[in-house]
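Me: Can you walk me through this one? I'd like to go over the strands and the metal site.

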Amino acid sequence: MSNPLFNIQYGLYVITTCDGGRDNGCICNTVVQVTAQPNRLSVALNKENYTTELIQRSGRFTVSIISEKADFELFKHFGFQSGRTVDKFANFTDCRRVSNGTLAVTRGTNTYLSVDVEQTIDLGTHILFIGIITEMETLSDAPSATYNFYQENIKPKPQAVGQTKEGKTIWRCAICGYEYEGEELPADFICPLCKHPASDFEKIIM
Ligand code: FE
């Protein structure tokens, strides 16, 4: 049986912000509409993400809802590199500047929702941002991608490997596919690509 937490269903989102002229974005699965009067959202973001730091300063963000038409490139582009070392919008044209000054992603997405932050709650590893939706638009009729859809249809299927030629064991990140080589995965290991913890790694056995 799988990890009980894997039975929670999620959507997938690009969260973008702009602070002092610096645009950045990351991928997350933690957007929830929490009230309807007014329309209000929450999103929890890892403090390691540069986007989190920029939202703390700018007080605004946009959620672009990832659809089933998204390709793996979109996940790699926004999810597997950091805005601290790469300008993710330098050569990225599938986006539109929206009224809160952030960039909405228009490729592989079906909706954008712009949010002004009202409250931030420090959750240790993450910051929970809660805010009011100030603008929203549907961009496509493609269904929203669930996390399971991503796992089954968007993420490339890994090749069956069990051990390297040298006989080392492989641990694979279930989120992004990153492979760690070694008999034991350190308990405090953090995936260098997607920042998920050791509990999201599976030992690959032939
Ligand atoms: Fe990963």
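Me: How many bridges join strand S10 to S11?
Reply: Three, and the two strands run antiparallel. S10 covers residues 170-173. Bear in mind that this is a predicted model.

Me: What is the bridge partner of Trp171 in S11?
Reply: Tyr180.

Me: In what order do the strands of that open sheet come?
Reply: S11-S10-S12, three strands with antiparallel pairing. S11 (179-181) and S12 (201-204) are the edge strands. Each has a single partner strand, so one side of each is left without a neighbour in the sheet. On average, neighbouring strands of this sheet are turned by 30° against each other, direction ignored.

Me: Now the metal. Which residues coordinate the iron ion?
Reply: Cys173, Cys176, Cys191 and Cys194, each through SG. The distances are 2.2 to 2.4 Å. Along the chain, the donors of the iron ion follow the spacing C-x2-C-x14-C-x2-C.

Me: Why is the arrangement around the iron ion called tetrahedral?
Reply: Because the four donor atoms subtend angles of 101 to 117°. The cut-off for four tetrahedral donors is that all angles lie between 85 and 135 degrees. The ideal is 109.5 degrees.

Me: Cys191 and Cys194: buried or exposed?
Reply: Cys191 is buried, and Cys194 is too.

Me: Switching to the other end of the numbering. How do S1 and S2 pair?
Reply: In the antiparallel sense, over seven bridges. S1 spans residues 13-19. Ile15 stands opposite Cys26 in S2.

Me: What about the turn between S1 and S2?
Reply: The two strands form a hairpin with two residues between them. Gly20 sits in the turn and has a positive phi of about 55°.

Me: Why say that S2 is largely enclosed by the rest of the structure?
Reply: Because six of its seven residues, in the stretch 22-28, are buried. Buried here means under 20% relative accessible area.

Me: And S8, which strands does it pair with?
Reply: S5 is one of them: residues 60-66 pair with S8, residues 109-122, over seven antiparallel bridges. Phe61 has Val115 as its bridge partner in S8. S9, residues 126-138, is another, joined to S8 by 11 bridges and also running antiparallel.

Me: Which residue in S9 is the bridge partner of Ser114?
Reply: Glu135.

Me: Which residue takes a positive phi in the hairpin of S8 and S9?
Reply: Gly124, near 85°. That hairpin has three residues between the strands.

Technical notes. Residues numbered from 1 in each chain as written. Predicted model: local features only at pLDDT ≥ 70, side-chain atom pairs only at ≥ 80, totals over all residues. Heavy atoms only, no water. Donors = N, O, S within 2.8 Å, 3.2 Å for Na, K, Ca; no water. Tetrahedral: all angles 85-135°; square planar, octahedral: opposite > 155°, others 65-115°. Buried < 20%, exposed > 50% of the residue type's maximum accessible area, 1.4 Å probe, protein only. Pairing = 2+ DSSP bridges. Helix = DSSP H or I, 4+ residues; strand = E, 2+ residues; numbered from the N terminus. Axes fitted to C-alpha atoms, helices over the stretch in contact; angles between N-to-C directions.
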